Amino acid sequence: MESDTLRHRLRRDWLWGVLLLVAVVLRFHALEARPVHWDEGVHAYFAWEFLTTGQFTYEPWRHGPFLYYAGSVAMAVFGERVVVGRAVVAAVSLGSVVAAYALRDELPMPTAAVAGALLAVHPYVLAPARFFRNDAMTATFTLLAVALYVHYRKTPSRGLAAGLGAALALAIATKEVSYFVLPAAFAPVAVVAHFEARFTDASWRAVLYRALPPTYLHYTVGVAVAVLAVLYGGWPPDPLAAPGAIVDGFQYWRSVAADGNGGKPMYYLGMLTDHTPVLFALALVGCAGTVLDRDGPSVRWLFLSWLALPAMLMSLASEQAWWSFVHLFTPFVFLVAFGVADLRDALQFAVGTVRDRLAARPGRTRGVARLDGPGGLGAATRRVRTGAGPTALGVVLAVLLVTSSVAAFGLPGGVERMAPGDGTDADAETFRYVADEAARLDCPVQLGKGVNPWPAPWWLRGLSIHGSQGKLTADWQFSQGPAVLVTGEEVTPPKRHEFRVVERNGYYVYLPRSGC
């Protein structure tokens, strides 16, 4: 009996093993290939500082402390390199695929599989997952919290309650954007509970017990408080400092909103409509299906609320950067998946309607046989619905993955490309020249104002680029030595080194005469 159960699970879940393997390869392959972004240098420097000094004090502008703790531990084990920090983010981001797998029995087929596939391979997810910054980790912890909540609500247990507390705390302690993303994601729980209590015969007590079973809720609260106290208390740890640090983080994000740094309110919507029109159309179908669901509010509302409210807040009040988009794209892929499931159901309904009409008309039995036969459309849609047709489902997933990944982002180096929005403003010819000169002079490359070559094209693989805006270089030590300097405007180079300047395509390239 146990062997039969194991075979059934393998037959059912083989696709998830493939998706996880693909996700691992795409996240860890050639992590060192891309030049170091200035933000990565900042985060690596603070992680390295904690590793070498043993002291850490939370400051809101740095964002949540978990990234630095995790990065410093990894650097202590694997070496003091930025790529080690990228590997930490890549490893954590695999949790998004795991969360989709955990939701497979709570969502209609093939919703979880489509969402898991997009989370595994789509460049909007891969770019921040291969980047030493906290956004991909925050989105992953939020999705894990949603998955754990759904399971805890269904079958409360100590493990699920503790896991939910840890996921919520880690999301908050990774980036302060969680202060409004988490409430947005879980807002439907409170709304549904309110309407159930008001318009049904159920008591408030019964409604609250269904929405958030209190049996093991103290585990959730206890674990969340412990994690936040440790992470926000600094090092050496001072748990009493954690509440003040959390309040400081909230006030920092309020000040960001008050400054009105958001700019264009349609920024994130434009990223969807301009670069993923097919997925956007499917998401609209998923949104409509969520609102019109005859069974009433369900887990679908968690993803719709998670996408809609933060999209407005982030567009109007927060930073507009491609890495922040992962907070919205994570719930977006589930709405896409709901759209696929709704279209499948519509197709199944249409086929059934045609079959019934043909059956009701004399002399039309051949048409019914064609629909219901082994190769008929009705049989195919039934196989997709019941999960018994892995080939049909595989074709659907393959079409989605190819259209979203290859067609939209191109090859070679598709994985190395970021989500559109900032764009590479340095042309390929200039940077080929810079790369050749840097190799000839044995120099690093330093970037000045007005130059944004990230993400690096595939032909810059291995080139070390230093950020000139801050105190950091590719290995996050401040470099006073000579370097090839590329700027968008003329500058006065350091007097202690002699440079020759070359103007190419509107960029100024400063080359040390004596090399490096």
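Colleague: What should I know about the model before we start?
Modeller: It is predicted, so local features need pLDDT of at least 70 and side-chain atom pairs count only at pLDDT 80 or more, while totals for chains, interfaces and linings use all residues. Residues are numbered from 1 along each chain as its sequence is written, and side-chain values use heavy atoms, with hydrogens and water left out.

Colleague: At what angle do α3 and α4 cross?
Modeller: Roughly 120°, and the axes of α3 (residues 66–78) and α4 (residues 82–102) come within 9 Å. Axes are lines fitted to C-alpha atoms, for helices over the stretch in contact, with angles from 0 to 180 degrees between N-to-C directions.

Colleague: Which residues meet there?
Modeller: L67, A70, A74, M75 and F78 in α3 meet V84, V88 and V89 in α4, where contact means heavy atoms within 4.5 Å.

Colleague: And α8 with α11, what is the angle?
Modeller: About 30°, with the axes of α8 (residues 158–174) and α11 (residues 217–232) 7 Å apart. Among the residues in that contact are R158, A161 and L164 of α8 and Y219, T220 and V223 of α11.

Colleague: Switching to T330. Buried or exposed?
Modeller: T330 has 4% relative accessibility, so T330 counts as buried; the cut-off is under 20% relative accessible area, exposed being over 50% and partly exposed in between, with a 1.4 Å probe and protein chains only.

Colleague: Which backbone oxygen does its side chain reach?
Modeller: That of V326, at 2.8 Å. T330 lies in α16 (residues 326–360), and, leaving aside neighbours within four places in sequence, T330 is in contact with L119, A139, L143 and W306.

Methods. Helix = DSSP H or I, 4+ residues; strand = E, 2+ residues; numbered from the N terminus. Polar contact = N/O pair within 3.5 Å; in protein donor to acceptor, adjacent residues only side chain to side chain.
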